[in-house]
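Colleague: I have not looked at this one before. Please show it to me, and I will ask how the labels were reached.

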Amino acid sequence: MNNRPLKRYSYRIIANDFMVAGKGSSSIKSNLKSLGIDATIIRRIAIISYEAEMNIVIHSFGGKIHCDIYENKIVLISEDTGPGIKDVDLAMTEGYSTATESVRELGFGAGMGLPNMKKYSDNFEITTGSEGTRITVTVYL
Amino acid sequence: MKVTKIIDILKAEVLMNYPDENLEVEYGCASDLMSDVLAFANSDSMLITGLSNPQVIRTAEMMDISTVVFVRGKKPGKEILELAEENSLTILATDYSMFETCGLLFLNGLKGIDVNE
(Lines give C-alpha, C1' and ligand atoms only; values in the text may rest on other atoms or scores of the structure.)
Protein backbone atom coordinates (compact mmCIF):
# COMPACT_ATOMS: atom_id res chain seq x y z
CA MET A 1 0.00 0.00 0.00
CA ASN A 2 1.31 3.40 -0.94
CA ASN A 3 0.43 5.74 1.88
CA ARG A 4 2.33 8.76 0.69
CA PRO A 5 0.31 11.77 -0.41
CA LEU A 6 0.27 12.73 -4.08
CA LYS A 7 1.03 16.29 -3.09
CA ARG A 8 1.82 18.24 0.07
CA TYR A 9 1.46 21.96 0.70
CA SER A 10 3.04 23.31 3.90
CA TYR A 11 2.84 26.71 5.54
CA ARG A 12 4.63 28.12 8.57
CA ILE A 13 2.29 30.04 10.87
CA ILE A 14 3.67 32.76 13.12
CA ALA A 15 2.21 33.35 16.58
CA ASN A 16 0.38 36.66 17.16
CA ASP A 17 0.71 37.84 13.56
CA PHE A 18 -2.87 38.91 12.99
CA MET A 19 -2.23 40.90 9.83
CA VAL A 20 -0.90 37.92 7.92
CA ALA A 21 -3.19 35.34 9.55
CA GLY A 22 -5.22 33.58 6.88
CA LYS A 23 -2.58 33.79 4.19
CA GLY A 24 -1.63 30.11 4.50
CA SER A 25 -5.26 29.04 4.17
CA SER A 26 -5.69 31.39 1.24
CA SER A 27 -2.76 29.70 -0.53
CA ILE A 28 -4.11 26.24 0.27
CA LYS A 29 -7.42 27.31 -1.21
CA SER A 30 -5.95 28.54 -4.48
CA ASN A 31 -3.72 25.46 -4.77
CA LEU A 32 -6.73 23.16 -4.36
CA LYS A 33 -8.62 25.23 -6.92
CA SER A 34 -5.83 24.78 -9.44
CA LEU A 35 -6.06 21.00 -8.91
CA GLY A 36 -9.70 21.18 -9.99
CA ILE A 37 -11.10 19.91 -6.69
CA ASP A 38 -14.85 20.33 -6.06
CA ALA A 39 -15.78 23.79 -4.70
CA THR A 40 -17.71 22.44 -1.69
CA ILE A 41 -14.73 20.32 -0.63
CA ILE A 42 -12.39 23.29 -1.08
CA ARG A 43 -14.64 25.46 1.09
CA ARG A 44 -14.66 22.83 3.86
CA ILE A 45 -10.86 22.53 3.77
CA ALA A 46 -10.45 26.32 3.66
CA ILE A 47 -12.63 26.80 6.76
CA ILE A 48 -10.86 24.01 8.67
CA SER A 49 -7.46 25.34 7.68
CA TYR A 50 -8.38 28.93 8.53
CA GLU A 51 -9.66 27.99 11.99
CA ALA A 52 -6.50 25.92 12.55
CA GLU A 53 -4.38 28.83 11.40
CA MET A 54 -6.18 31.28 13.70
CA ASN A 55 -5.75 28.84 16.60
CA ILE A 56 -2.00 28.68 16.00
CA VAL A 57 -1.80 32.49 15.73
CA ILE A 58 -3.92 33.12 18.84
CA HIS A 59 -2.97 30.34 21.23
CA SER A 60 0.39 28.82 20.32
CA PHE A 61 4.08 29.68 20.09
CA GLY A 62 3.86 29.11 16.33
CA GLY A 63 3.50 26.10 14.08
CA LYS A 64 2.82 24.64 10.68
CA ILE A 65 -0.08 23.54 8.57
CA HIS A 66 0.29 20.76 6.04
CA CYS A 67 -2.31 19.95 3.42
CA ASP A 68 -1.83 16.46 2.00
CA ILE A 69 -3.67 15.42 -1.14
CA TYR A 70 -4.41 11.75 -1.65
CA GLU A 71 -6.34 9.97 -4.38
CA ASN A 72 -9.52 9.79 -2.29
CA LYS A 73 -9.06 12.32 0.53
CA ILE A 74 -7.45 15.50 1.75
CA VAL A 75 -5.70 15.41 5.12
CA LEU A 76 -4.96 18.65 6.91
CA ILE A 77 -2.40 18.52 9.70
CA SER A 78 -1.99 21.43 12.10
CA GLU A 79 0.95 21.23 14.47
CA ASP A 80 2.30 23.78 16.90
CA THR A 81 5.07 23.94 19.48
CA GLY A 82 2.96 24.51 22.57
CA PRO A 83 1.82 25.28 25.19
CA GLY A 84 -0.94 22.72 24.58
CA ILE A 85 -4.64 22.66 25.45
CA LYS A 86 -5.38 22.15 29.15
CA ASP A 87 -8.81 20.60 28.77
CA VAL A 88 -9.61 19.27 25.29
CA ASP A 89 -13.21 18.35 26.15
CA LEU A 90 -13.88 21.92 27.26
CA ALA A 91 -12.12 23.32 24.19
CA MET A 92 -14.37 21.16 22.00
CA THR A 93 -17.47 22.73 23.59
CA GLU A 94 -19.13 25.39 21.42
CA GLY A 95 -18.73 28.77 23.03
CA TYR A 96 -15.88 27.90 25.37
CA SER A 97 -12.80 30.03 24.81
CA THR A 98 -9.63 31.05 26.61
CA ALA A 99 -8.92 33.87 24.14
CA THR A 100 -8.08 37.33 25.43
CA GLU A 101 -10.21 40.43 24.97
CA SER A 102 -7.91 41.75 22.21
CA VAL A 103 -8.42 38.55 20.22
CA ARG A 104 -12.18 38.81 20.67
CA GLU A 105 -12.07 42.32 19.28
CA LEU A 106 -10.76 40.80 16.05
CA GLY A 107 -13.87 38.66 15.80
CA PHE A 108 -12.25 35.48 17.04
CA GLY A 109 -12.15 33.68 20.34
CA ALA A 110 -15.87 32.88 20.13
CA GLY A 111 -15.15 29.33 21.18
CA MET A 112 -16.13 27.89 17.80
CA GLY A 113 -12.69 27.07 16.37
CA LEU A 114 -12.28 23.41 17.24
CA PRO A 115 -16.04 22.64 17.00
CA ASN A 116 -16.05 24.23 13.52
CA MET A 117 -13.08 22.17 12.42
CA LYS A 118 -14.82 19.03 13.57
CA LYS A 119 -18.11 20.08 11.98
CA TYR A 120 -16.63 20.42 8.50
CA SER A 121 -14.45 17.28 8.66
CA ASP A 122 -15.11 13.58 8.08
CA ASN A 123 -12.56 12.60 10.68
CA PHE A 124 -11.01 14.73 13.43
CA GLU A 125 -8.15 13.73 15.73
CA ILE A 126 -6.37 15.82 18.31
CA THR A 127 -3.38 15.13 20.54
CA THR A 128 -2.07 17.78 22.89
CA GLY A 129 0.54 18.26 25.57
CA SER A 130 2.87 20.97 26.84
CA GLU A 131 5.19 20.34 23.85
CA GLY A 132 2.41 21.12 21.39
CA THR A 133 -0.91 20.30 19.79
CA ARG A 134 -1.38 18.22 16.68
CA ILE A 135 -4.71 18.09 14.88
CA THR A 136 -5.33 15.78 11.95
CA VAL A 137 -8.44 16.34 9.92
CA THR A 138 -9.63 14.26 7.00
CA VAL A 139 -12.08 15.24 4.28
CA TYR A 140 -12.98 12.54 1.76
CA LEU A 141 -13.21 13.45 -1.91
CA MET B 1 -31.66 39.72 -4.25
CA LYS B 2 -29.54 41.73 -6.62
CA VAL B 3 -26.59 43.43 -4.94
CA THR B 4 -27.35 46.59 -6.96
CA LYS B 5 -30.77 46.65 -5.27
CA ILE B 6 -29.10 46.25 -1.86
CA ILE B 7 -26.95 49.28 -2.63
CA ASP B 8 -30.15 51.31 -3.21
CA ILE B 9 -31.92 50.00 -0.12
CA LEU B 10 -28.97 50.71 2.17
CA LYS B 11 -27.97 53.94 0.40
CA ALA B 12 -24.61 52.24 0.41
CA GLU B 13 -21.32 53.45 -0.89
CA VAL B 14 -19.36 50.98 -3.03
CA LEU B 15 -15.83 50.92 -1.65
CA MET B 16 -14.53 48.15 -3.88
CA ASN B 17 -15.65 46.39 -7.07
CA TYR B 18 -18.98 47.81 -8.23
CA PRO B 19 -21.12 44.67 -8.61
CA ASP B 20 -22.18 43.23 -11.91
CA GLU B 21 -25.89 43.78 -12.61
CA ASN B 22 -26.40 40.01 -12.27
CA LEU B 23 -24.62 39.53 -8.94
CA GLU B 24 -27.15 38.21 -6.42
CA VAL B 25 -27.13 37.05 -2.80
CA GLU B 26 -29.84 34.93 -1.24
CA TYR B 27 -29.10 35.21 2.47
CA GLY B 28 -27.90 37.80 4.92
CA CYS B 29 -25.40 36.80 7.58
CA ALA B 30 -24.91 39.52 10.20
CA SER B 31 -22.19 39.02 12.77
CA ASP B 32 -19.11 40.49 14.33
CA LEU B 33 -17.95 37.01 15.28
CA MET B 34 -16.08 35.54 12.33
CA SER B 35 -16.15 32.02 13.78
CA ASP B 36 -19.95 32.18 13.75
CA VAL B 37 -19.84 33.24 10.11
CA LEU B 38 -17.55 30.29 9.37
CA ALA B 39 -19.96 28.00 11.19
CA PHE B 40 -23.26 29.14 9.71
CA ALA B 41 -22.91 31.14 6.50
CA ASN B 42 -22.98 29.72 3.00
CA SER B 43 -21.61 31.02 -0.27
CA ASP B 44 -24.96 32.59 -1.22
CA SER B 45 -24.77 34.85 1.84
CA MET B 46 -23.82 38.45 2.08
CA LEU B 47 -21.74 39.25 5.15
CA ILE B 48 -23.00 42.19 7.21
CA THR B 49 -20.59 43.31 9.91
CA GLY B 50 -19.45 46.15 12.12
CA LEU B 51 -16.04 44.60 12.48
CA SER B 52 -13.36 46.21 10.37
CA ASN B 53 -10.17 44.15 10.08
CA PRO B 54 -8.45 41.88 7.53
CA GLN B 55 -9.99 38.78 9.10
CA VAL B 56 -13.41 39.86 7.80
CA ILE B 57 -12.11 39.64 4.24
CA ARG B 58 -10.28 36.38 4.94
CA THR B 59 -13.47 34.90 6.35
CA ALA B 60 -15.44 35.96 3.26
CA GLU B 61 -12.70 34.54 1.07
CA MET B 62 -12.77 31.13 2.79
CA MET B 63 -16.58 30.98 2.52
CA ASP B 64 -16.70 32.10 -1.16
CA ILE B 65 -18.84 35.03 -0.08
CA SER B 66 -19.08 37.67 -2.83
CA THR B 67 -20.19 40.77 -0.94
CA VAL B 68 -19.46 42.35 2.43
CA VAL B 69 -21.37 45.29 3.95
CA PHE B 70 -19.78 47.39 6.68
CA VAL B 71 -22.43 49.02 8.86
CA ARG B 72 -22.64 52.11 11.10
CA GLY B 73 -20.53 54.15 8.70
CA LYS B 74 -17.41 52.07 9.25
CA LYS B 75 -14.82 52.54 6.55
CA PRO B 76 -12.30 49.73 6.31
CA GLY B 77 -8.64 50.70 5.92
CA LYS B 78 -6.41 50.44 2.88
CA GLU B 79 -5.01 46.95 3.64
CA ILE B 80 -8.52 45.61 4.03
CA LEU B 81 -9.63 47.05 0.70
CA GLU B 82 -6.50 45.76 -1.02
CA LEU B 83 -7.18 42.27 0.32
CA ALA B 84 -10.76 42.59 -0.95
CA GLU B 85 -9.51 43.64 -4.36
CA GLU B 86 -7.16 40.62 -4.49
CA ASN B 87 -10.15 38.40 -3.81
CA SER B 88 -12.56 40.20 -6.17
CA LEU B 89 -14.95 40.98 -3.33
CA THR B 90 -17.58 43.69 -3.52
CA ILE B 91 -17.33 45.95 -0.48
CA LEU B 92 -20.19 48.20 0.57
CA ALA B 93 -20.51 50.67 3.43
CA THR B 94 -23.75 51.99 4.88
CA ASP B 95 -24.50 54.53 7.60
CA TYR B 96 -27.38 52.40 8.90
CA SER B 97 -26.83 50.44 12.13
CA MET B 98 -26.57 46.67 12.08
CA PHE B 99 -30.18 46.41 13.27
CA GLU B 100 -31.52 48.82 10.68
CA THR B 101 -29.48 47.23 7.90
CA CYS B 102 -30.83 43.77 8.70
CA GLY B 103 -34.36 45.08 9.13
CA LEU B 104 -34.40 46.88 5.80
CA LEU B 105 -32.98 43.91 3.91
CA PHE B 106 -35.30 41.41 5.60
CA LEU B 107 -38.28 43.63 4.85
CA ASN B 108 -37.26 43.65 1.20
CA GLY B 109 -37.00 39.87 1.00
CA LEU B 110 -33.43 38.92 1.86
CA LYS B 111 -33.53 35.66 3.81
CA GLY B 112 -31.83 34.68 7.05
CA ILE B 113 -29.79 31.53 7.49
CA ASP B 114 -31.31 28.62 9.39
CA VAL B 115 -28.59 28.02 11.97
CA ASN B 116 -30.20 24.78 13.14
CA GLU B 117 -30.05 23.16 9.74
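Colleague: Why is A:L90 called partly exposed?

Modeller: This is a predicted model, where local features need pLDDT of at least 70, side-chain atom pairs count only at pLDDT 80 or more, and totals for chains, interfaces and linings use all residues. Residues are numbered from 1 along each chain as its sequence is written, and chains are lettered from A and ligands numbered from 1 in the order in which they are written. A residue is buried with 20 or more other C-beta atoms (placed from the backbone) within 10 Å of its own, exposed with 12 or fewer, and partly exposed in between. A:L90 has 13, so it is partly exposed.

Colleague: Where is A:L90 found?

Modeller: In helix α3 of chain A, residues 88-91. Helices are DSSP runs of H or I with at least four residues, strands are runs of E with at least two, and numbering starts from the N terminus. Chain A has 5 helices and 5 strands.

Colleague: What makes α2(A) roughly antiparallel to α3(B)?

Modeller: The axes of α2 (residues 39-59) of chain A and α3 (residues 54-63) of chain B cross at roughly 150° and come within 8 Å. Angles over 145 degrees count as roughly antiparallel, under 35 as roughly parallel, 65 to 115 as roughly perpendicular and the rest as oblique. Therefore the pair is roughly antiparallel.

Colleague: How does the radius of gyration of chain A compare with that of a compact globule?

Modeller: The radius is taken over C-alpha atoms, and the globule rule is 2.2 Å times the number of residues to the power 0.38. For 141 residues that gives a value near 14 Å, and chain A has 14 Å, so the two agree.

How values were computed. Axes are lines fitted to C-alpha atoms, for helices over the stretch in contact, and angles run from 0 to 180 degrees between N-to-C directions.
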